Amino acid sequence: MADKSRTQMRRTERKEKGGAVNTKNGKEVKNEGEKEKQAESTAEGPSPEAAATNGAEANGQNGDFKVEEMELPPFEIIKGDRIDPFAFKFQFKNVEYSSGRNKTFLCYLVDRGNTVDGLLRGCLEDEHSGPHAEEAFFHECLSDYDPAIKYTVTWYVSSSPCSACAVKIAEMLKARKNIKLSIFAARLFEWEEQEIQDGLRVMHAAGCKLRVMKPLDFSYTWDTFVENEEEPLNLWEDCKENYEYYQEKLADILQ
């Protein structure tokens, strides 16, 4: 695929609107229509039946019903052993555009140099309303960090880290010299942005090995981290071409 056509695809993608979720800034962008509906619903108030169901209390003076406010829990990092096959095929597909791919899936392997414990393996998924998966890994998966142990960590991620995560990863690797991190990314996140490129360089300079996922890496991740029911992964037609494209761009950034 020519660079010119890919650039046009990116520009078209960035113009898409309508209930989309910002992919890496940690905030959900709500559809304006939903906001208006919520405002109207609040102004009109619930029906008596709904109010009674939700524990509403009647006001003795005017008979209006008042609904107690509910506090919704914040989104949390989803942690597990395997991910859904549909989610993998969609989120890890190494396409140029990213419409709808509004999460980060991070599959990890941790070798703590102890043959008794073996490899620590699992997956993280973020909602981008709290910590990103990259940052959460160090708190969720290395909560028992021991400075006396040598950690060899491998990530297979649906996209490369944003600039903020890249800086945090670099800081973590500088502070914890006993952690060796390799990141294999399905695609590069907004690689044309200067701050993204700077973040990748900072992370690389801190000792992080960064590479784009090869076709063989997709098959390995499918076999190791996906609920595949022993079905093989049929790679998409342009998987190898897209890998070569992204790897060339990454090499240019890191040189």
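**Aromatic contacts in a predicted model**

Phenylalanine 88 is buried, as is tryptophan 222; buried means under 20% relative accessible area with a 1.4 Å probe, counting protein chains only. The model is predicted, so local features need pLDDT of at least 70 and side-chain atom pairs count only at pLDDT 80 or more, while totals for chains, interfaces and linings use all residues. Numbering runs from 1 along each chain as its sequence is written, and side-chain values use heavy atoms, without hydrogens and water.

The structure holds 13 aromatic pairs, a pair being two rings of Phe, Tyr or Trp (its six-membered ring) with centres within 6.5 Å. Phenylalanine 88 and tryptophan 222 make one that is tilted, 5.7 Å centre to centre with 55 degrees between the planes. Planes under 30 degrees apart count as stacked, over 60 as edge-to-face and the rest as tilted. This pair links distant parts of the chain, 134 residues apart: phenylalanine 88 lies in helix α4 (residues 85–91) and tryptophan 222 in helix α8 (residues 215–225). Helices (H or I, at least four residues) and strands (E, at least two) are DSSP runs numbered from the N terminus.

Tyrosine 108 and phenylalanine 137 form an edge-to-face pair, at 5.4 Å centre to centre and 65 degrees between the planes. Here strand β4 (residues 105–111) supplies tyrosine 108 and helix α5 (residues 133–140) supplies phenylalanine 137, 29 residues apart. Tyrosine 108 is buried at a relative accessible area of 3%, and phenylalanine 137 is buried at 1%.

Arginine 176 lies over the face of tyrosine 145, 4.0 Å from the ring centre. For a charge over a ring, NZ of Lys or CZ of Arg is within 6 Å of the ring centre and within 35 degrees of the ring normal.

How values were computed
Buried < 20%, exposed > 50% of the residue type's maximum accessible area, 1.4 Å probe, protein only.
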